[in-house]
Amino acid sequence: MSTRAGVDLGGTKIQTVIIDDQHAVSAQVRVPTPKQGGPQGVADAIVGTIRDACAQAGVEPSALDGIGVGSPGTIDDAAGTVTQAFNVSPDWEGSFPLAGAIGAELGCATVRLGNDVTVGTDAEFQLGAGREFESLLGVFWGTGVGSGIILRGKPWSGRGAAGEFGHMVVKLGGATCTCGRIGCIEAYAGRKSMELHAQALKQRGRKTALFKIMKQRGRENLSSGVWARALEHEDELAVELIERAMNALAAGIASAVNLLDVEAVVIGGGLGTRLGEPYVAKIRKRMVPHLFVDQHPPAVRVAALGDLGGAIGAALQVPSGGAVTPGLASAVSPG
Ligand SMILES: [Zn+2]
(Lines give C-alpha, C1' and ligand atoms only; values in the text may rest on other atoms or scores of the structure.)
Protein backbone atom coordinates (compact mmCIF):
# COMPACT_ATOMS: atom_id res chain seq x y z
CA MET A 1 0.00 0.00 0.00
CA SER A 2 1.50 3.29 -1.04
CA THR A 3 0.61 6.65 0.39
CA ARG A 4 1.64 10.01 -0.97
CA ALA A 5 1.04 13.50 0.35
CA GLY A 6 0.21 16.38 -1.96
CA VAL A 7 0.30 20.05 -1.05
CA ASP A 8 -1.31 22.84 -3.07
CA LEU A 9 0.41 26.00 -1.89
CA GLY A 10 -1.54 29.13 -2.75
CA GLY A 11 -1.72 32.79 -1.81
CA THR A 12 -4.80 32.32 0.38
CA LYS A 13 -4.70 28.71 1.48
CA ILE A 14 -2.60 25.59 1.84
CA GLN A 15 -4.55 22.49 0.77
CA THR A 16 -3.02 19.14 1.66
CA VAL A 17 -4.24 15.64 0.76
CA ILE A 18 -3.10 12.07 1.29
CA ILE A 19 -3.75 9.76 -1.66
CA ASP A 20 -3.44 5.99 -1.90
CA ASP A 21 -2.21 3.93 -4.84
CA GLN A 22 -5.71 4.04 -6.37
CA HIS A 23 -5.47 7.86 -6.24
CA ALA A 24 -8.27 7.98 -3.70
CA VAL A 25 -8.08 10.86 -1.20
CA SER A 26 -7.88 9.38 2.30
CA ALA A 27 -7.35 12.65 4.19
CA GLN A 28 -7.50 16.36 3.52
CA VAL A 29 -6.50 19.41 5.53
CA ARG A 30 -6.82 23.08 4.60
CA VAL A 31 -5.37 26.07 6.46
CA PRO A 32 -4.96 29.76 5.56
CA THR A 33 -1.51 30.64 4.21
CA PRO A 34 0.33 32.42 7.05
CA LYS A 35 0.96 36.09 6.32
CA GLN A 36 3.76 36.38 8.92
CA GLY A 37 7.04 34.52 9.14
CA GLY A 38 8.05 34.51 5.48
CA PRO A 39 8.96 31.30 3.63
CA GLN A 40 9.97 29.47 6.84
CA GLY A 41 6.55 30.27 8.33
CA VAL A 42 4.93 28.83 5.21
CA ALA A 43 7.12 25.69 5.42
CA ASP A 44 6.13 25.24 9.08
CA ALA A 45 2.45 25.55 8.16
CA ILE A 46 2.86 22.96 5.37
CA VAL A 47 4.53 20.55 7.83
CA GLY A 48 1.58 21.04 10.20
CA THR A 49 -0.96 20.19 7.50
CA ILE A 50 0.95 17.03 6.50
CA ARG A 51 1.14 15.90 10.16
CA ASP A 52 -2.62 16.47 10.56
CA ALA A 53 -3.47 14.75 7.28
CA CYS A 54 -1.25 11.77 8.17
CA ALA A 55 -2.95 11.48 11.57
CA GLN A 56 -6.36 11.44 9.82
CA ALA A 57 -5.17 8.77 7.38
CA GLY A 58 -3.48 6.71 10.11
CA VAL A 59 0.01 6.82 8.58
CA GLU A 60 3.34 8.06 9.94
CA PRO A 61 4.80 10.97 7.92
CA SER A 62 8.11 9.07 7.71
CA ALA A 63 6.24 6.13 6.11
CA LEU A 64 4.96 8.21 3.18
CA ASP A 65 6.35 7.28 -0.26
CA GLY A 66 6.92 10.96 -0.66
CA ILE A 67 5.51 14.46 -0.57
CA GLY A 68 4.67 16.55 -3.63
CA VAL A 69 4.22 20.29 -3.50
CA GLY A 70 2.66 22.51 -6.17
CA SER A 71 3.76 26.10 -5.73
CA PRO A 72 3.68 29.42 -7.54
CA GLY A 73 6.98 31.17 -8.20
CA THR A 74 10.07 29.78 -9.93
CA ILE A 75 10.52 26.11 -9.10
CA ASP A 76 13.78 24.17 -9.22
CA ASP A 77 12.82 20.58 -8.39
CA ALA A 78 16.41 19.29 -8.66
CA ALA A 79 17.67 21.92 -6.20
CA GLY A 80 14.52 21.70 -4.06
CA THR A 81 14.01 25.45 -4.12
CA VAL A 82 11.19 27.91 -4.70
CA THR A 83 12.14 31.45 -5.73
CA GLN A 84 10.07 34.65 -5.84
CA ALA A 85 6.76 33.23 -4.69
CA PHE A 86 5.36 36.71 -4.05
CA ASN A 87 1.77 35.47 -4.34
CA VAL A 88 2.41 33.19 -1.35
CA SER A 89 4.33 35.60 0.85
CA PRO A 90 5.29 39.21 -0.02
CA ASP A 91 8.76 38.74 1.47
CA TRP A 92 9.48 35.52 -0.49
CA GLU A 93 12.10 37.19 -2.70
CA GLY A 94 15.14 34.90 -2.92
CA SER A 95 15.42 31.14 -3.17
CA PHE A 96 14.10 29.11 -0.27
CA PRO A 97 14.98 25.38 0.16
CA LEU A 98 11.36 24.32 0.63
CA ALA A 99 11.86 20.61 -0.13
CA GLY A 100 14.66 20.25 2.43
CA ALA A 101 12.78 22.25 5.08
CA ILE A 102 9.71 20.01 4.79
CA GLY A 103 11.50 16.69 4.33
CA ALA A 104 13.91 17.13 7.23
CA GLU A 105 11.13 18.07 9.64
CA LEU A 106 8.99 15.06 8.70
CA GLY A 107 11.75 12.47 8.14
CA CYS A 108 10.65 11.99 4.54
CA ALA A 109 13.41 11.66 1.94
CA THR A 110 11.34 12.26 -1.20
CA VAL A 111 9.93 15.75 -1.64
CA ARG A 112 9.07 16.80 -5.20
CA LEU A 113 8.34 20.38 -6.21
CA GLY A 114 6.30 21.47 -9.22
CA ASN A 115 4.55 24.48 -10.62
CA ASP A 116 1.04 24.77 -9.14
CA VAL A 117 -0.84 25.05 -12.43
CA THR A 118 1.29 22.41 -14.17
CA VAL A 119 0.48 19.82 -11.52
CA GLY A 120 -3.18 20.92 -11.46
CA THR A 121 -3.41 20.40 -15.23
CA ASP A 122 -1.69 17.02 -14.92
CA ALA A 123 -4.26 15.90 -12.33
CA GLU A 124 -7.15 16.85 -14.65
CA PHE A 125 -5.35 15.10 -17.53
CA GLN A 126 -4.70 11.87 -15.61
CA LEU A 127 -7.77 11.63 -13.40
CA GLY A 128 -10.24 14.43 -14.14
CA ALA A 129 -12.07 16.23 -16.94
CA GLY A 130 -9.23 15.72 -19.45
CA ARG A 131 -8.83 11.95 -19.08
CA GLU A 132 -9.96 10.98 -22.59
CA PHE A 133 -7.77 13.51 -24.42
CA GLU A 134 -4.17 13.62 -25.64
CA SER A 135 -3.94 17.41 -25.83
CA LEU A 136 -5.26 19.82 -23.28
CA LEU A 137 -5.20 23.42 -22.11
CA GLY A 138 -5.89 23.79 -18.38
CA VAL A 139 -6.97 27.32 -17.44
CA PHE A 140 -6.91 28.27 -13.76
CA TRP A 141 -9.13 31.27 -13.13
CA GLY A 142 -8.37 32.57 -9.64
CA THR A 143 -6.33 35.31 -7.96
CA GLY A 144 -4.29 35.27 -11.16
CA VAL A 145 -4.95 33.40 -14.38
CA GLY A 146 -2.55 30.52 -15.00
CA SER A 147 -2.50 27.60 -17.37
CA GLY A 148 -0.92 24.27 -18.11
CA ILE A 149 -0.48 22.76 -21.57
CA ILE A 150 -0.41 19.06 -22.46
CA LEU A 151 0.53 18.06 -26.01
CA ARG A 152 0.65 14.45 -27.24
CA GLY A 153 0.11 13.28 -23.67
CA LYS A 154 3.04 15.22 -22.23
CA PRO A 155 3.29 18.52 -20.38
CA TRP A 156 4.69 21.33 -22.53
CA SER A 157 6.80 23.77 -20.56
CA GLY A 158 8.68 25.36 -23.44
CA ARG A 159 12.04 26.60 -22.21
CA GLY A 160 10.55 26.61 -18.72
CA ALA A 161 8.08 29.46 -18.88
CA ALA A 162 5.29 28.19 -21.16
CA GLY A 163 1.69 28.41 -20.03
CA GLU A 164 1.61 32.06 -18.99
CA PHE A 165 -1.85 32.22 -20.49
CA GLY A 166 -2.84 35.06 -18.14
CA HIS A 167 -0.30 37.35 -19.75
CA MET A 168 -1.44 36.87 -23.32
CA VAL A 169 -2.54 40.29 -24.61
CA VAL A 170 -6.23 40.61 -25.41
CA LYS A 171 -6.32 44.40 -25.73
CA LEU A 172 -3.57 46.65 -27.05
CA GLY A 173 -3.38 49.76 -24.89
CA GLY A 174 -5.77 48.09 -22.45
CA ALA A 175 -5.94 47.78 -18.67
CA THR A 176 -2.80 47.61 -16.53
CA CYS A 177 -2.02 44.09 -15.33
CA THR A 178 -0.69 43.16 -11.89
CA CYS A 179 2.50 42.16 -13.78
CA GLY A 180 2.96 45.80 -14.80
CA ARG A 181 2.24 45.17 -18.49
CA ILE A 182 -0.76 46.34 -20.46
CA GLY A 183 -3.80 44.51 -21.79
CA CYS A 184 -3.12 41.02 -20.39
CA ILE A 185 -5.99 38.58 -19.81
CA GLU A 186 -5.18 38.69 -16.09
CA ALA A 187 -5.73 42.47 -16.06
CA TYR A 188 -9.40 41.71 -16.80
CA ALA A 189 -9.98 38.26 -15.33
CA GLY A 190 -7.59 37.87 -12.39
CA ARG A 191 -9.42 38.15 -9.07
CA LYS A 192 -6.75 40.51 -7.76
CA SER A 193 -7.10 42.86 -10.75
CA MET A 194 -10.87 42.64 -10.54
CA GLU A 195 -10.78 43.60 -6.86
CA LEU A 196 -8.55 46.62 -7.53
CA HIS A 197 -10.87 47.68 -10.36
CA ALA A 198 -13.95 47.27 -8.15
CA GLN A 199 -12.32 49.37 -5.42
CA ALA A 200 -11.47 52.15 -7.87
CA LEU A 201 -15.00 52.21 -9.27
CA LYS A 202 -16.51 52.22 -5.79
CA GLN A 203 -14.36 55.20 -4.84
CA ARG A 204 -15.72 56.98 -7.90
CA GLY A 205 -19.22 56.45 -6.56
CA ARG A 206 -20.36 53.16 -8.12
CA LYS A 207 -22.68 51.21 -5.84
CA THR A 208 -21.85 47.61 -5.05
CA ALA A 209 -22.51 45.05 -2.33
CA LEU A 210 -19.18 43.26 -2.99
CA PHE A 211 -17.30 44.82 -0.07
CA LYS A 212 -20.25 44.49 2.28
CA ILE A 213 -20.49 40.77 1.52
CA MET A 214 -16.71 40.50 2.04
CA LYS A 215 -17.05 41.99 5.55
CA GLN A 216 -20.08 39.85 6.41
CA ARG A 217 -18.08 36.77 5.51
CA GLY A 218 -15.09 37.93 7.55
CA ARG A 219 -12.87 38.05 4.46
CA GLU A 220 -10.01 40.40 3.75
CA ASN A 221 -10.31 40.02 -0.01
CA LEU A 222 -13.01 39.50 -2.60
CA SER A 223 -12.85 35.71 -2.54
CA SER A 224 -14.52 33.51 -5.15
CA GLY A 225 -17.33 32.92 -2.65
CA VAL A 226 -17.86 36.68 -2.30
CA TRP A 227 -18.09 37.10 -6.08
CA ALA A 228 -20.50 34.15 -6.32
CA ARG A 229 -22.76 35.62 -3.65
CA ALA A 230 -22.75 39.07 -5.28
CA LEU A 231 -23.70 37.45 -8.62
CA GLU A 232 -26.56 35.57 -6.94
CA HIS A 233 -27.83 38.97 -5.73
CA GLU A 234 -27.39 40.35 -9.25
CA ASP A 235 -25.05 43.05 -7.99
CA GLU A 236 -24.65 45.28 -11.04
CA LEU A 237 -20.92 45.95 -10.66
CA ALA A 238 -20.10 42.30 -9.93
CA VAL A 239 -22.05 41.19 -13.02
CA GLU A 240 -20.28 43.81 -15.15
CA LEU A 241 -16.77 42.81 -14.00
CA ILE A 242 -17.42 39.07 -14.34
CA GLU A 243 -18.80 39.63 -17.86
CA ARG A 244 -15.65 41.61 -18.71
CA ALA A 245 -13.53 38.79 -17.27
CA MET A 246 -15.36 36.12 -19.28
CA ASN A 247 -14.97 38.13 -22.51
CA ALA A 248 -11.21 38.35 -21.94
CA LEU A 249 -10.99 34.63 -21.10
CA ALA A 250 -13.04 33.64 -24.16
CA ALA A 251 -10.85 35.72 -26.51
CA GLY A 252 -7.68 34.37 -24.89
CA ILE A 253 -8.75 30.73 -24.89
CA ALA A 254 -9.90 30.96 -28.53
CA SER A 255 -6.54 32.51 -29.48
CA ALA A 256 -4.69 29.72 -27.68
CA VAL A 257 -6.85 27.16 -29.51
CA ASN A 258 -6.14 28.89 -32.85
CA LEU A 259 -2.45 28.40 -32.11
CA LEU A 260 -2.39 24.91 -30.55
CA ASP A 261 -5.65 23.26 -31.70
CA VAL A 262 -5.95 21.27 -28.47
CA GLU A 263 -8.75 18.74 -28.10
CA ALA A 264 -9.99 20.10 -24.81
CA VAL A 265 -9.92 23.07 -22.47
CA VAL A 266 -10.46 22.47 -18.75
CA ILE A 267 -11.37 25.51 -16.67
CA GLY A 268 -10.54 25.37 -12.97
CA GLY A 269 -9.16 27.69 -10.31
CA GLY A 270 -11.06 29.31 -7.45
CA LEU A 271 -13.47 31.29 -9.63
CA GLY A 272 -13.70 28.65 -12.36
CA THR A 273 -14.74 25.83 -10.05
CA ARG A 274 -16.92 28.08 -7.85
CA LEU A 275 -18.91 29.60 -10.73
CA GLY A 276 -18.95 26.30 -12.60
CA GLU A 277 -20.80 25.16 -15.70
CA PRO A 278 -23.23 28.10 -16.21
CA TYR A 279 -20.27 30.45 -16.55
CA VAL A 280 -18.07 27.99 -18.44
CA ALA A 281 -20.98 27.63 -20.90
CA LYS A 282 -20.88 31.39 -21.49
CA ILE A 283 -17.13 31.29 -22.08
CA ARG A 284 -17.59 28.36 -24.48
CA LYS A 285 -20.17 30.35 -26.47
CA ARG A 286 -18.16 33.56 -26.52
CA MET A 287 -15.06 31.76 -27.83
CA VAL A 288 -16.77 30.82 -31.09
CA PRO A 289 -16.55 34.21 -32.89
CA HIS A 290 -12.77 34.19 -32.23
CA LEU A 291 -12.14 30.63 -33.45
CA PHE A 292 -10.55 30.52 -36.89
CA VAL A 293 -11.83 26.98 -37.48
CA ASP A 294 -15.21 27.12 -35.80
CA GLN A 295 -16.72 23.85 -37.11
CA HIS A 296 -14.72 21.78 -34.60
CA PRO A 297 -14.48 23.67 -31.33
CA PRO A 298 -12.61 21.86 -28.55
CA ALA A 299 -14.44 20.39 -25.58
CA VAL A 300 -14.60 23.04 -22.84
CA ARG A 301 -15.19 21.59 -19.39
CA VAL A 302 -15.19 22.54 -15.72
CA ALA A 303 -12.30 20.98 -13.79
CA ALA A 304 -13.62 17.70 -12.38
CA LEU A 305 -11.38 17.49 -9.31
CA GLY A 306 -12.58 20.83 -7.97
CA ASP A 307 -10.33 22.58 -5.53
CA LEU A 308 -8.50 19.36 -4.56
CA GLY A 309 -7.04 19.04 -8.08
CA GLY A 310 -3.91 21.03 -7.30
CA ALA A 311 -3.08 18.96 -4.21
CA ILE A 312 -3.82 15.64 -5.97
CA GLY A 313 -1.64 16.70 -8.90
CA ALA A 314 1.12 17.66 -6.47
CA ALA A 315 1.00 14.15 -4.97
CA LEU A 316 1.11 12.54 -8.43
CA GLN A 317 4.64 13.93 -8.86
CA VAL A 318 5.80 11.29 -6.38
CA PRO A 319 6.15 7.86 -8.01
CA SER A 320 3.74 5.39 -6.46
CA GLY A 321 5.61 2.91 -4.22
CA GLY A 322 7.99 0.51 -5.94
CA ALA A 323 8.03 -0.47 -9.61
CA VAL A 324 4.50 -1.86 -9.59
CA THR A 325 2.40 -0.52 -12.46
CA PRO A 326 -0.98 1.01 -11.52
CA GLY A 327 -2.86 -1.80 -13.31
CA LEU A 328 -0.88 -4.49 -11.51
CA ALA A 329 -1.19 -2.71 -8.20
CA SER A 330 -4.98 -2.80 -8.42
CA ALA A 331 -4.81 -6.50 -9.31
CA VAL A 332 -2.63 -7.49 -6.36
CA SER A 333 -3.95 -5.15 -3.68
CA PRO A 334 -7.72 -4.73 -3.97
CA GLY A 335 -9.10 -1.63 -2.22
ZN1 LIG B 1 0.25 40.56 -17.17
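Helix 3 (residues 116-127) has twelve residues and spans 16 Å from first to last C-alpha, close to the 16 Å expected at 1.5 Å a residue. The expected span is 1.5 Å times one less than the number of residues. Helices (H or I, at least four residues) and strands (E, at least two) are DSSP runs, numbered from the N terminus. This is a predicted model: local features need pLDDT of at least 70, and side-chain atom pairs count only at pLDDT 80 or more. Residues are numbered from 1 along each chain as its sequence is written.

**Helix 3**
- Its buried residues (under 20% relative accessible area, 1.4 Å probe, protein chains only) are Val117, Val119, Gly120, Thr121, Asp122, Ala123, Glu124 and Phe125.
- These buried residues pack against several elements, including strand 4 (66-71), strand 8 (111-115) and helix 11 (309-316).
- Asparagine 115 caps the N-terminal end of helix 3, with a side-chain oxygen 3.0 Å from the backbone nitrogen of valine 117.

**Zinc site**
- The protein donors (N, O and S atoms within 2.8 Å of the metal; 3.2 Å for Na, K and Ca) are His167 (ND1), Cys177 (SG), Cys179 (SG) and Cys184 (SG), at 2.0 to 2.4 Å from the zinc ion.
- The donor atoms subtend angles of 103 to 115°, which makes the arrangement tetrahedral; for four donors, that label requires all angles between 85 and 135 degrees.
- The donor residues follow the spacing H-x9-C-x1-C-x4-C.
- Histidine 167 and cysteine 179 both lie in the loop between strand 11 (154-155) and helix 4 (185-189), so the pair ties together parts twelve residues apart in sequence.

- Histidine 167 is partly exposed at 27% relative accessibility, a class running between buried and exposed (over 50%).
- Cysteine 179 is also partly exposed, at 29%.

Terms used: Heavy atoms only, no water. Tetrahedral: all angles 85-135°; square planar, octahedral: opposite > 155°, others 65-115°. Contact = heavy atoms within 4.5 Å. Polar contact = N/O pair within 3.5 Å; in protein donor to acceptor, adjacent residues only side chain to side chain.
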